[in-house]
Amino acid sequence: MFHINVSYSEYKYCYAAENLAFVGYKREECPACKRQVVKEKIYEGEDAFRIDGAKAFPDFMQFCGGGIGFIVSEKVMNVLRENNISGFDEAKRVPLYRSRYRKLVKQEPEYYMINITGSIDLDLQAMALKRKHLCPECGSFDWSRQRLYIFDSVFDMSTWDGSDICRIKSFPGYIMISDRLKKIFEDHRFTGATYKKESDIFKL
């Protein structure tokens, strides 16, 4: 499997800077561990994104706001459907806007935000990685190692549900794709993403 790293170059591609429907977080202090815990993310209306950066539109668009949205072009969406790619259950069209003279101007390209359902997890024991200071009340914890970028990542393949696209359960901001899907993406020369082998996902 491979980690798909969606990134942008401010000199080459635009990126999603803000979800216009996002209002804020509702936070509460856990009575047991005193951590500030996000209880709810508050949205008003439908998802829509303000874009920034260069003029060119990539096939994979990085979202620099809060959350773990996966935003792809209509070309990518069509290829996912044509090849019966597994690991997502919803793909909704999201409008894009760019700021012009203090006004939001709608952009033409069609993009979709995909809800990824596929799952896989790391082999925490093989990586000597443990959850510490686990709060029984809110579930918050600290990792025993902070500098993960110096270690090889190891997956517990028994946790993989077989999906072509999936999130790492312990680190849901990281998206993994199957060898088959990586080849499809590369054959179509989609822009806006690079790929790391599974042992290097945390490495700089």
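Because the model is predicted, local features need pLDDT of at least 70 and side-chain atom pairs count only at pLDDT 80 or more, while totals for chains, interfaces and linings use all residues. Residues are numbered from 1 along each chain as its sequence is written, and side-chain values use heavy atoms, with hydrogens and water left out.

Helices (H or I, at least four residues) and strands (E, at least two) are DSSP runs, numbered from the N terminus.

Next come the cores. A nonpolar core is a set of buried Ala, Val, Leu, Ile, Met, Phe, Trp, Tyr and Cys residues joined through side-chain atoms within 4.5 Å. The largest one has 21 residues, and Ile4, Phe60, Phe70, Val72, Leu80, Ile165 and Phe185 touch the most other members. A second, separate core of 15 residues includes Leu122, Leu129, Trp143 and Phe171.

There is also an open sheet of four strands, in the order E2-E5-E9-E10 with mixed pairing. Two strands pair if DSSP finds at least two bridges between them. Strand E2 (14-19) and strand E10 (103-106) are the edge strands, each pairing on one side only. Strand E9 (residues 96-100) and E10 run antiparallel and are joined by four bridges, and arginine 98 stands opposite valine 105 in E10.

What about the backbone angles? Most residues other than glycine have a negative phi. Lysine 34, though, has a positive phi of about 70 degrees. It lies in the loop between strand E3 (22-29) and strand E4 (36-43) and is exposed, at a relative accessible area of 52%. Alanine 128 has a positive phi too, near 55 degrees; this residue lies in the loop between strand E12 (118-122) and strand E13 (131-132) and is partly exposed, at 39%.

Finally, the whole structure holds 13 aromatic pairs. Rings of Phe, Tyr and Trp (its six-membered ring) pair if their centres lie within 6.5 Å; planes under 30 degrees apart count as stacked, over 60 as edge-to-face and the rest as tilted. Phenylalanine 22 and tyrosine 25 form an edge-to-face pair, 5.1 Å centre to centre with 70 degrees between the planes. Phenylalanine 171 and phenylalanine 202 are also edge-to-face, at 5.1 Å and 65 degrees. That pair links distant parts of the chain, 31 residues apart, and both phenylalanine 171 and phenylalanine 202 are buried. Ring pairs tie Phe141, Trp143, Phe171, Tyr174 and Phe202 into a cluster.

Definitions and conventions: Buried < 20%, exposed > 50% of the residue type's maximum accessible area, 1.4 Å probe, protein only.
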